[in-house]
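Visitor: I have a model open and would like to learn how to read its features. Where do we begin?

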Amino acid sequence: MDISQKVKYLLNTMQLLQITLPQFILGLLSSKKYEKDPVVLDFTSQINNIIEIVNKYSETGKKNIQVTANNIMMKTYVSKIARLAAEGSGLHFDAACVNVQQLEEFDIDDLVWKMKGDAPYLWETIGEVLSSHKEQRMGSVDMNIQSVNDEDEYYDTLEGCNINLGEPTSKSIRQHAKKVIILSILVQNTNQKKVVETLTQMGLSISVTSISSAILSLSKESNCTIKSLGCTMLMAYAYDNFDVDLKTSDQRVEKSNNTLKHLTSGLLFPLQHGTSLDDLHCLHFLWEQSVHNIHVPAPAEGRMGRTYRDLLELHPESRGGAGTSCRLQYNAWKILSDLVEHGPAYFQGFKDMVGEPEFVEAIPVVKTLIIAACTMESINSTVSGNIQSITSLLAQAGIHDPKDMDNPNMPDISDYVVLFHGDLGTAEHVHAILQCQAVEDSPWNQCQYVIFIPGLFHLKMAAADALWHAFIHPTAARHDDMSLMHDVGILRPKETGIYQSKPGFRHMHQLITYSGICRRLDCWRSEVVNLDPKLKSLEAFADMRPTFAQLKRDCNYDHRQVCCNECTQEGAPEA
């Protein structure tokens, strides 16, 4: 019996039983008795094919399927949206209780995967709607226009035009008017509140009130963290000035042009690498050795100002078996590295063999907590302004003058130093503070606790400036063929005037870098000529295909000569 005969037989049987096909299917599916019956399981597995056939069968069936599917998906979407919008979903942003950890841990990718996992059908539907082509949404389009290669130009041709008449539609006119209004609001820099409110209405920002609540919550958390770290006294401070132009949109007959405000920002961070209070318990010892201490007899030799020679003796070292110090070993590595990095192409094949220089007392890299302090209304261009910034930062950490505060819970820094960081201008002002306040009668007013430590970047700036004063600024230092100005004429021939007057750090940094590379490569050329007079250039040396071991041997030979010269200079009597 074929399928048509089976269907006819089944229909006849249903007529005899006086039951319709819908009644049979609904009764079969609604009864839990047949929930695991093979007929029911087979029917549900073929539901997609059944819906597709009914959808093609007639317009009435197609309409009924669309209405039913729409109702089912609407209920599903509403349920999923309610679940995502619920407070327990973890997607709520409570601006009044926000903390730094929430902001640092926020990841837009995690949010995407959570929404996609909790509401996959809603996610796919929204994605299909947003990614659908314009011509599909606008209806029929003249296919001749699609010959335009540039897709953006194609859409620009269609946007805002009546396809049939080629004229702007009323809808497009309203859309362009909205764009003009939005852009005009966003460019009003004098009214930031309206800008934020506009972005809020567009769904691109939270409200002004929520922003203020979030700032207040973060400020309270930061204040508590600073207080707790201040009690340990194991923290360092950094501060710098910044300017804010506080323009106002109020219409007044007389307006003040003094809208530029000079403020100071501060950062605090805990001391790492096992720093303890015993390491900071050296205030009296350092003050006795300080050149600013005027309450001691005539300055002793140990209290005289330091020079660069003291840096050379900061980490005294004995020479190894090769007769070279760590400083000379680093120079040897640098010369070899420059040859491999910037020399002829043959030497670049040794990049992986050069490696890194040997570490000397390497400082482990750790993640440090950075805490922002409240902005201070102090001007760092004056000595009094810097004193105000220092005392304000300490006050935010709960540290005050012990004579003014009778609080047993307040940290007492009478015997401890406090580390401060800043730029070179701040360093000069702190130096002036220690000079001016030395006449005061108490350690607090004398700022004995202040130990200023410049950052490595600012140390490089000071070193670059020192090189300029020593080797470029003096007129007599510019005429030698080995002078830096001679290198400037080769490397930057159009900028000699800039280097002679007062170059910035960027110019000096580039000159020191490139001049050093060129000089070290020239050392290689000179050494190659000494080894073999037939080799007149590094290219000729590269054609000899020297091995890496030979390069290291030549480099070490050159530095043995440098080491002998250094030993001779160190042993020579001073003039």
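**Reading helix packing, sheet and voids**

Guide: Helix 19 and helix 20 (residues 424-436) have axes that come within 9 Å and cross at roughly 95°. That makes helix 19 roughly perpendicular to helix 20. Contact residues are V383, N386, I387 and I390 on helix 19, with T426, H429, A432 and I433 on helix 20. By class, this contact divides into 5 nonpolar, 3 polar and no charged residues. Keep in mind that the model is predicted.

Visitor: What describes two packed helices in general?

Guide: The angle between the axes and the distance between the axes. Now take a second pair.

Visitor: At what angle do helix 17 and helix 24 pack, and how far apart are their axes?

Guide: Helix 17 (residues 326-342) and helix 24 (residues 505-531) pack at about 95°, and their axes are 9 Å apart. Helix 17 is therefore roughly perpendicular to helix 24.

Visitor: Which residues of helix 17 and helix 24 meet?

Guide: From helix 17 come K334, I335, L336, D338, L339 and H342. From helix 24 come I517, R520, L521 and W524. The classes here are 6 nonpolar, 1 polar and 3 charged.

Visitor: On to the sheet. How do strands of a sheet pair?

Guide: Through backbone hydrogen bonds, either parallel or antiparallel. In this model, an open sheet holds 5 strands in the order 3-2-1-4-5, and its pairing is mixed.

Visitor: Which are the edge strands?

Guide: Strand 3 (371-372) and strand 5 (450-452). Each of them pairs on one side only.

Visitor: How many bridges join strand 2 to strand 3?

Guide: There are 2, and strand 2 (residues 260-270) runs antiparallel to strand 3. Look at L267, which stands opposite A372 in strand 3.

Visitor: What packs on the sheet?

Guide: Helix 19 (residues 383-396) does. Helix 19 touches strand 1 (235-245), strand 2, strand 4 (418-421) and strand 5. The direction of helix 19 makes about 125° with that of strand 1.

Visitor: How many bridges join strand 1 to strand 2?

Guide: The count is 11, and these two strands run antiparallel.

Visitor: Now the voids. How many cavities of 30 Å³ or more does a search of the whole structure find?

Guide: The search finds 2. The second largest cavity has about 30 Å³ of space.

Visitor: Which residues line the second largest cavity?

Guide: M233, M235, Y237, I399, I413 and V418. By class, that lining has 6 nonpolar, no polar and no charged residues.

Visitor: Which elements give two or more residues to the lining of the second largest pocket?

Guide: Helix 1 (3-17), helix 2 (21-30), helix 3 (38-45) and helix 4 (47-57).

Visitor: What is the lining of the second largest pocket by class?

Guide: The lining has 15 nonpolar, 4 polar and 1 charged residues.

Terms used. Residues numbered from 1 in each chain as written. Predicted model: local features only at pLDDT ≥ 70, side-chain atom pairs only at ≥ 80, totals over all residues. Heavy atoms only, no water. Axes fitted to C-alpha atoms, helices over the stretch in contact; angles between N-to-C directions. Helix = DSSP H or I, 4+ residues; strand = E, 2+ residues; numbered from the N terminus. Parallel < 35°, antiparallel > 145°, perpendicular 65-115°, else oblique. Contact = heavy atoms within 4.5 Å. Nonpolar A, V, L, I, M, F, W, Y, C, P; charged D, E, K, R; others polar. 1 Å grid on protein atoms, 1.4 Å probe; cavity = no way out; pocket = protein on both sides within 12 Å on 5 of 7 lines; lining within 4 Å. Points joined across faces, edges and corners; volume = space filled by probe spheres on them. Pairing = 2+ DSSP bridges.
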